[in-house]
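Let's take a walk through a protein together. Have a look at the model first, and then we'll go through it piece by piece.

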Amino acid sequence: MFPTIRSCARGTSTPADNYMLARRRTLQVVVSSLLTEAGFDSAEKAAVESLTEMLQSYLSEIGRSAKSYCEHTARTQPTLPDIVVTLIEMGFNVDSLPAYAKRSQRMVITAPPVTNNPVVPKALSAGDNKPHPAHIPSHFPEFPDPHTYIKTPTYREPVCDYQVLREKAASQRRDVERALTRFMAKTGETQSLFKDDTSTFPLIAARPLSIPYLNALLPSELELQQVDETDSSEQDDQTDTENLSLHLQGDEVGMEKENASVLQQNSMKGGEETLIDNPYLRPVKKPKLRRKK
């Protein structure tokens with residue numbers, strides 16, 4: 001028993017060891033009070049340990065015998081008669097117990113403070129636990145927490161960080177390009193970097209064109225779309241110009257003067273060409289109006 005007590009005192013933190021250590025200290029206090037009542041002023045530690053071990057063995061034997069008598073009569077909890085029979089069986093004089101309990105020089109040991117176990121907060125809680133119905137005994141385990149069988153919706157906050165959004169968009173774009181490349185490699189002709197293994201690192205096969213400069217001559221889809229948009233805008237402009245033709249006749253004279261001044265400034269610059277490539281800076285050529293005879 002002594003090695004077990006030493007191991008408990010060294011720092012083992014299991015509940016059983018803590019309970020055994022507390023019981024051992026309580027028995028040491030009881031033995032010290034009995035030695036004080038007997039008139040001893042001091043005692044060696046080895047003597048106190050020996051008396052504590054004897055008291056613990058005696059109490060353990062009383063409990064074991066009382067349990068055996070209790071189970072012999074088909075009961076689960078021992079009663080006072082079981083303790084009395086046990087003391088008589090061990091040779092103890094039961095009649096001397098009342099006089100010993102009423103002795104005058106006895107020392108009263110205060111009860112140790114009751115410490116409640118710290119309540120561990122539950123991570124998830126949804127409602128209160130259900131009590132047992134009438135047909136279920138109370139000693140059965142309790143129902144689990146309601147969050148185990150009740151729906152608990154969770155909502156994720158939207159991500160608003162600029163860096164996270166950029167990284168997510170880049171990863172999505174990379175995944176899309178990779179998926180399209182794999183799709184084209186599986187559905188079309190491919191070329192392999194290695195002659196022996198054609199399935200490793202497949203590359204999309206380059207298709208040679210009979211007329212390689214044909215793509216450069218033909219307009220692209222973007223250009224065709226822009227041409228369509230300009231055609232539609234020109235049709236709208238024609239209707240607008242017909243309505244504004246009267247107002248533009250008065251402004252043409254002022255425009256000619258401005259263009260003339262611009263041309264004069266450009267001609268004054270040395271080393272410059274007289275030909276203007278910018279169509280917006282060229283002088284306006286007024287069409288000749290033919291009068292009907």
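This is a predicted model: local features need pLDDT of at least 70, side-chain atom pairs count only at pLDDT 80 or more; totals for chains, interfaces and linings use all residues.

Residues are numbered from 1 along each chain as its sequence is written, and side-chain values use heavy atoms, with hydrogens and water left out.

The protein has eight helices and two strands (DSSP runs numbered from the N terminus: H or I with at least four residues for helices, E with at least two for strands). Reading from the N terminus, the order is α-α-α-α-α-α-β-β-α-α. Of the 293 residues, 9% are buried (buried is under 20% relative accessible area, exposed is over 50%, and partly exposed is in between, with a 1.4 Å probe and protein chains only).

Now zoom in on helix H2, residues 15–37. Among the buried residues of H2 are Leu21, Leu27 and Arg24.

What does Arg24 pair with, given its relative accessible area of 2%? Glu53 forms a salt bridge with Arg24, with the closest N and O atoms 2.8 Å apart (a salt bridge is a side-chain nitrogen of Lys or Arg within 4 Å of a carboxyl oxygen of Asp or Glu). Glu53 lies in helix H3 and Arg24 in helix H2, so the pair ties together parts that are 29 residues apart in sequence. Arg24 also meets Glu49 in a salt bridge, at 3.0 Å from N to O. This pair links distant parts of the chain too, as Glu49 sits in helix H3 (residues 45–72), 25 residues from Arg24. Glu49 counts as buried, at 16% relative accessibility.

Helix H3 also holds Arg64 and Glu61, three residues apart and so separated by about one helical turn. Their side chains meet in a salt bridge of 2.4 Å, N to O.

Finally, the outside. Lys186 is in helix H6 (residues 162–187), and it counts as exposed because its relative accessibility is 75%.

Terms used:
The expected span of a helix is 1.5 Å times one less than its number of residues.
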